[in-house]
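Please find below my notes on the model you sent. They are set out as numbered points and can be read alongside the coordinates.

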Amino acid sequence: MTTDVQAPAPARASARPPAPDPTDRRTRALTRAVVALCTAAITVEGFDLIVYGVAMPSMLADSNLGLDKSLAGTLGSLVYMGMLIGAIVCGPLADRLGRRRLVLASGVIFTLFTVGCVVAATPWQFGLFRLLAGIGMGGVMPSCVALAKEYAPRGRSALVATIVLAGVPVGGVLAALTAAAWGDSLGWRGLFGVGAALSTLVFASAYALLPDSRPGAAGAPDPRATPSTVSVGSPASGGGLASGGPTAEAKNPSPARSVLSDGRARTTVLFVVANFAVLLAWYGLNTWLTQLMREMDYPLGSALQFTLVLNLGAVIGSFAIAAVADRIGPRFVTIGSAALSAVAVVGLSLGGNTVVVLCLTALAGVGAHSSLTVLNDWVASSYPASIRATALGYVSGFGRGGAIVAPLLGGWILTASLGPTTVFYVFAAAAALSAAALLAIPHRRA
């Protein structure tokens with residue numbers, strides 16, 4: 001006698017979708033936190049950079065400080081000189097010691113010396129503190145860009161770089177608005193004090209919340225060489241770092257040499273030239289646009305209006321440019337942005353209707369700032385992770401010479417009575433040089 005065994009009915013497909021993976025939620029939350037903290041760090045850096053321009057009238061009026069216009073221009077260049085030093089020195093250190101450590105250490109440096117600017121009694125004291133603050137600022141940017149890129153979702157690295165570096169013009173807008181609202185009551189010392197207070201708040205938050213590089217990434221600190229500083233809640237917490245085998249540092253003991261080896265020398269030099277030129281155009285416009293327009297008899301009002309238009313255009317337009325870069329890659333987007341800036345600045349030199357001039361100002365901001373932000377993503381994508389912060393530091397650092405030259409160059413041209421049109425042509429030529437240098441970079445990815 002046989003017994004029929006009935007096969008179990010197949011399980012019905014559940015109508016309920018699978019529960020979301022909590023690990024994915026944590027990863028997304030961590031990514032947002034890293035991008036937000038890095039953006040906040042760059043924003044307070046942007047505030048401290050641009051607050052000097054909006055505070056200058058008050059500084060010139062302060063008889064106790066004894067500042068004249070010629071010396072004010074020299075002091076304006078010192079922070080960018082410090083940023084050059086900081087970017088070159090701190091980039092390799094970030095690759096060796098970890099991005100988090102360098103972000104925090106650099107932030108403490110520029111916050112402390114911004115406080116020094118508040119209490120400076122003489123121009124030479126102010127200049128020294130400004131130079132030292134610039135060294136800290138130069139260390140924050142490459143470390144933040146490299147760290148944010150490590151946490152960027154696939155296919156969104158250009159957008160993440162744009163969000164982080166948008167902090168510079170956002171900080172400029174905040175500085176201009178602060179000066180417009182409370183500048184008379186705060187005075188120039190109070191404006192720098194606001195920057196120091198914001199920096200303290202941001203870097204205290206970063207100390208508590210910012211993780212280091214992902215475990216196994218080249219930017220992660222070597223736990224055998226130095227104590228781990230990975231914060232609780234980061235992907236590297238809980239002993240997630242690899243403990244065996246040669247580290248990236250052992251394989252590549254000199255990131256500084258590596259950015260010029262294996263056929264990378266031409267690419268690195270061209271990136272530096274392009275960054276130098278576009279920084280000259282960008283900071284030249286930030287420094288001289290208002291005065292140039294006044295000399296061309298445009299009744300456009302205060303410097304605040306120009307700062308807002310230029311920087312708001314940079315912030316809003318750069319996000320659209322970054323979305324395009326994520327779709328087609330950074331190469332042609334960066335080149336096109338630099339070219340757009342050159343054309344817009346040439347248009348500014350021709351004058352015309354006030355509304356047209358304001359639109360051209362916004363386009364110049366879009367082009368110059370977008371080429372800077374997407375260029376950083378291009379640089380990061382062109383080098384292995386083990387030397388990425390070094391490459392960003394070199395390109396940002398040596399390129400920072402353009403920002404040093406920009407305040408001086410406009411003044412020299414105007415002092416020589418060559419006129420505002422010549423200044424515009426020089427800035428346009430710088431943007432065009434940036435586009436040409438970028439076009440000459442060979443196709444290569446890390």
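1. K149 counts as buried, because its relative accessibility is 17% and the cut-off for buried is under 20%. This is a predicted model, and the remarks here and below should be read as such. K149 lies in helix α4. Leaving out residues up to four places away in sequence, K149 touches S157, D377, A380, S381 and R388.

2. Helix α4 spans residues 123-151, and its axis comes within 11 Å of the axis of helix α6, residues 167-209. The two axes cross at roughly 40°. An angle under 35 degrees would count as roughly parallel, and roughly perpendicular begins at 65; α4 and α6 are therefore oblique to each other. The crossing in which α4 passes α6 is left-handed.

3. Which residues make the contact between α4 and α6? On the α4 side they are F126, R130, V140 and M141. On the α6 side they are V168, W188, F192 and F203. By class, the residues of this contact comprise seven nonpolar and one charged, with no polar residue.

4. S77 is a residue of helix α2, which covers residues 69-97. Is S77 buried or exposed? S77 has a relative accessible area of 4% and is therefore buried. Apart from neighbours within four places in sequence, S77 is in contact with I404, P407 and L408.

5. F332 belongs to helix α11, residues 330-350. The relative accessibility of F332 is 53%, so F332 counts as exposed; the cut-off for that class is over 50%. F332 and L438 are separated by 106 residues in sequence, while their C-alpha atoms are 8.8 Å apart in space.

6. Some totals for the protein chain follow. The chain has 15 helices and zero strands. Of its 446 residues, 54% are buried. Among contacts with a separation of 6 or more, 82% are between residues 24 or more positions apart.

7. The accessible surface of the protein chain is about 19000 Å². Carbon and sulfur atoms account for 66% of that surface.

How values were computed: Residues are numbered from 1 along each chain as its sequence is written. This is a predicted model: local features need pLDDT of at least 70, side-chain atom pairs count only at pLDDT 80 or more; totals for chains, interfaces and linings use all residues. Side-chain values use heavy atoms; hydrogens and water are left out. Axes are lines fitted to C-alpha atoms, for helices over the stretch in contact, and angles run from 0 to 180 degrees between N-to-C directions. Helices (H or I, at least four residues) and strands (E, at least two) are DSSP runs, numbered from the N terminus. Angles under 35 degrees count as roughly parallel, over 145 as roughly antiparallel, 65 to 115 as roughly perpendicular and the rest as oblique. A crossing is left-handed if the near helix is turned anticlockwise from the far one by less than a right angle, and right-handed if clockwise. Contact means heavy atoms within 4.5 Å. Ala, Val, Leu, Ile, Met, Phe, Trp, Tyr, Cys and Pro count as nonpolar, Asp, Glu, Lys and Arg as charged, and the others, Gly among them, as polar. Buried means under 20% relative accessible area, exposed over 50%, partly exposed in between (1.4 Å probe, protein chains only). Accessible areas come from the Shrake-Rupley method with a 1.4 Å probe; for residues, only the protein chains shown count as cover.
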